[in-house]
Amino acid sequence: MTLQELIDSGKRTISTDVAADIIGINPVTLRNSIQMGTCPFGFEASAPRTARRFYVVSVLKLVNWLTGSHYMDLDECQGR
């Protein structure tokens, strides 16, 4: 998936696997960065009523980080 395809998809969040593929790094490296708090576009979440933790990437924050932009929402990225 390219960055433009991601923007056009309209998704608000994506998995670490998809984000790592776009950035060109190992998904484990990205998850470790999120877990350590050094990733500016990812966050750790937990499933309701369980102890299961998972990692999510904000598409808007990823786009802003990759492009050096300051978009306020994804519609702005798409020129709407």
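A residue counts as exposed when its relative accessible area is over 50%. In this predicted model, Arg49 has a relative accessibility of 85% and therefore falls in the exposed class. Arg49 sits in the loop that runs between β2 (42-46) and β3 (53-58). Its backbone also deserves a look: Arg49 adopts a positive phi of about 60°, although this residue is not a glycine.

Turning to the aromatic side chains, a pair of rings is described by the distance of the centres and the angle of the planes. One aromatic pair is counted here. In that pair, the ring centres of Phe41 and Trp65 lie 4.9 Å apart and the planes meet at 50°, so the arrangement is classed as tilted. The two partners come from distant parts of the chain, 24 residues apart: Phe41 belongs to the loop between α3 (27-36) and β2, while Trp65 belongs to helix α4 (residues 59-67). Phe41 is buried, at 4% relative accessibility, whereas Trp65 is partly exposed, with a relative accessible area of 46%.

The largest nonpolar core holds 18 residues, of which Ile14, Leu30, Val57 and Leu62 touch the most other members. Two or more residues of this core are supplied by each of α1 (3-9), α2 (16-23), α3, β3, α4 and α5 (74-77). The most is given by α4, which contributes four residues.

Technical notes:
Residues are numbered from 1 along each chain as its sequence is written. This is a predicted model: local features need pLDDT of at least 70, side-chain atom pairs count only at pLDDT 80 or more; totals for chains, interfaces and linings use all residues. Side-chain values use heavy atoms; hydrogens and water are left out. Buried means under 20% relative accessible area, exposed over 50%, partly exposed in between (1.4 Å probe, protein chains only). Rings of Phe, Tyr and Trp (its six-membered ring) pair if their centres lie within 6.5 Å; planes under 30 degrees apart count as stacked, over 60 as edge-to-face and the rest as tilted. A nonpolar core is a set of buried Ala, Val, Leu, Ile, Met, Phe, Trp, Tyr and Cys residues joined through side-chain atoms within 4.5 Å.
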